[in-house]
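Hello,

Here is the structure I said I would pass on. My notes follow below it.

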Amino acid sequence: MVELLSGNHAIAEAVRLCKVDFIAAYPITPQTPIYEKIAEMVSDGRIKGQMMRAESEHSAMAACISASLTGVRVFTASSSQGIAFMHEMLHFASGNRVSIVMACVNRVVSAPWAFGSDQTDTLSQRDTGWIQLYCEDGQEALDTVIMAYRVAETVFLPVMVTIDGFYTSHFIEPVDIPDEKAVDKYLPPKSLPNRFDLKNPAFIQNVVDSHYYSEFKKRQFDDTMKAKETIIEADKEFGKLFGRSYGVVEADDLEDADVGIVTSGALVSCARIAKKNLREKGIKVGLLKIKLFRPFPYDEVIKHLANLKKVLVIDRNVSCGKGGIFCDELKGAMYNLEKRPKIYGFIGGLCGEDLPPETIEKIALYVINEDKAPEKPIWIHGMTF
Amino acid sequence: MDTRDDLLRQGHYACPGCGLAIAMKLVLSALGERTIVVIIPSCEAVISATYPFSALKVPAFHSAFVIAAPTAAGISRALKVRGEDDITVLAFAGDGGTYDIGLQSLSGAAERNEDFIYVCLDNEAYMNTGIQASSSTPFCSWTVTTPKGKKERKKRLMDIIVAHSIPYCATATIGYPEDLIEKVKRAKKKKGTRFIHILTPCPTGWRMREDLTGIVSMLAFETKIFPLYEVYDGEIYRITKMPKGLPVKEYLSLQGRFSHLKEEEIEEIQKNVDKEWARLLYLAKRNAENCA
Ligand code: SF4
């Protein structure tokens with residue numbers, strides 16, 4: 001059934017469809033409509049689970065972790081400062097191998113205080129051991145939350161599903177809401193282990209020595225790497241049942257391209273138009289959308305980009321003293337290849353600053369004409385480049 | 001008591017004479033096997049043993065420092081979803097994790113009246129990290145971060161918790177195990193947030209002989225430094241045991257952490273204790289009069 005929905009409300013619909021048992025949340029702009037919608041659904045019985053009004057994001061995540069260890073299906077949502085505040089608990093979640101799904105609405109992290117979209121909030125959690133999936137629009141967000149439960153409950157790792165603040169979170173567009181019975185069929189039966197077994201009591205997460213610590217971390221690392229196969233399989237199955245699939249990356253027109261544009265989140269939509277416009281003018285440009293960020297999709301990135309001469313990356317995020325985070329990761333992923341493209345890093349669209357297709361076209365033309373790839377990022381500020 | 005049936009097994013990692021370990025044992029024996037325990041960084045975490053061992057005979061989860069209360073809330077709500085409503089969820093936290101870093105999350109859970117028992121094991125400093133002052137450390141007490149004695153008074157935590165109007169709050173100490181066990185059992189029968197504040201002497205941090213734990217616990221009560229009482233629904237106070245009202249000096253003089261005290265300081269401590277006792281008596285009597 002197609003309805004007009006904001007990205008936030010699309011995520012709330014997904015939570016309903018997944019029959020989530022426990023939700024703990026704290027309000028923060030621009031995530032609040034997810035929390036409000038779910039609260040409404042719990043109060044009118046559309047969601048049968050428990051809703052805990054938390055007094056902070058740190059506590060919300062703490063309660064999600066212990067509820068998930070008790071074997072029930074769990075959801076939370078946050079943004080920006082809230083995600084930063086949760087940081088400690090994000091490590092606890094992945095280290096305890098719980099299957100939480102969290103929707104993250106990307107927003108700048110202060111200072112200075114601001115509210116627009118910026119992925120630094122979630123990207124700075126990249127080392128917490130969470131699977132991270134970046135979505136382009138509301139439809140993808142809804143579908144990805146459903147897939148995320150299948151993945152999280154198969155590999156026992158928590159999953160972040162991210163959308164751009166205000167652009168995707170508040171923009172209203174037609175969204176196809178899948179049939180509830182089909183979602184039931186798609187998701188694994190609710191059978192997470194209750195790790196507080198009274199007959200077989202265990203002490204979860206007691207203190208370990210360095211030997212055990214490394215052993216636990218190595219296992220977590222290997223399982224995170226392997227999770228990619230589960231993500232690919234979940235996406236394919238979703239495609240079969242619902243007619244939509246996204247891949248861990250999406251490659252478009254890269255085979256013969258002179259330059260490949262790489263970006264993520266809502267910026268992909270602008271890059272699509274830029275690519276189309278340039279192709280119409282006979283300029284060979286391709287596009288790679290990165291959806292999966294952790295585990296990093298090495299094979300796919302190498303497959304689609306290694307043979308190009310030039311790649312440009314647009315990052316709506318910044319690692320101060322280094323550059324755009326996606327750009328940095330791409331460079332790292334390809335460094336050991338014999339043959340690799342030159343990589344041009346651009347930082348733009350911070351705090352939701354408009355980065356229209358025309359600007360992306362100009363960036364692509366600049367890269368085509370400029371043979372020296374800069375070590376440091378080029379800032380795109382204002383509507384012109 | 002037959003220790004073979006203890007839910008805190010022998011061979012745990014507490015220092016000799018640790019009051020906290022005794023409190024854990026008593027609380028667990030009062031609650032029984034159908035209990036899930038939340039532990040946060042503190043002596044109780046170390047006492048509960050390191051991987052792959054466990055001193056606890058019930059399922060337990062060692063969570064982060066700030067969040068004993070919401071962690072317990074997550075479990076108790078999840079148990080409701082699972083339809084298992086005869087299991088007690090218990091949070092063990094120290095004074096640091098309760099008075100200081102964990103107070104916000106405890107307050108949040110208490111305001112929502114989340115269904116669990118929260119036990120604050122109060123040894124009046126951060127003992128596990130090496131005796132640093134917490135907001136529970138008493139006036140004048142030596143710690144490594146208050147080398148000349150703490151200038152501020154102990155935070156009146158019970159008053160803060162009582163202000164949340166939760167169904168049951170109580171104080172207890174290992175010096176009176178029957179009183180402690182009774183209170184835990186009373187708490188177990190109720191639903192919602194229940195809070196028990198237990199004074200647990202720590203020979204290591206209190207700088208005293210290991211065999212004095214029991215005596216010091218009793219003296220804390222008999223000197224009125226640590227009165228034993230209950231509060232129902234944030235309203236009805238009941239003093240569960242009447243102290244003799246011995247001079248505070250008898251309590252203080254056994255502990256190295258107070259060995260530097262001057263007469264004026266002891267007098268001031270006595271004055272504060274008398275004032276707080278009068279206040280508690282007023283609250284308890286007021287209830288009796290109101291009921292009459
Ligand atoms: S430091 Fe104190 S509280 Fe901690 S285990 Fe030793 S005696 Fe017990």
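About 3100 Å² is buried between chain A and chain B, and carbon and sulfur atoms give 66% of that area. Buried area here is the accessible area, with a 1.4 Å probe, that two parts lose on being put together, summed over both. On the chain A side, F196(A), L198(A) and F203(A) lose the most area to chain B, together 22% of what that side buries. The interface brings 39 residues of chain A into contact with 43 residues of chain B (contact means heavy atoms within 4.5 Å).

This is a predicted model, in which local features need pLDDT of at least 70 and side-chain atom pairs count only at pLDDT 80 or more, while totals for chains, interfaces and linings use all residues. Residues are numbered from 1 along each chain as its sequence is written, chains are lettered from A and ligands numbered from 1 in the order written, and side-chain values use heavy atoms, leaving out hydrogens and water.

Now chain B by itself. Chain B has eleven helices and eight strands; these are DSSP runs, with helices being H or I of at least four residues and strands E of at least two, numbered from the N terminus. Its radius of gyration is 18 Å, close to the 19 Å that the globule rule gives for 292 residues, so chain B is as compact as a globular protein of that length. The radius is taken over C-alpha atoms, and the rule is 2.2 Å times the number of residues to the power 0.38. The C-alpha trace of chain B spans about 60 × 50 × 35 Å along its principal axes.

Regards
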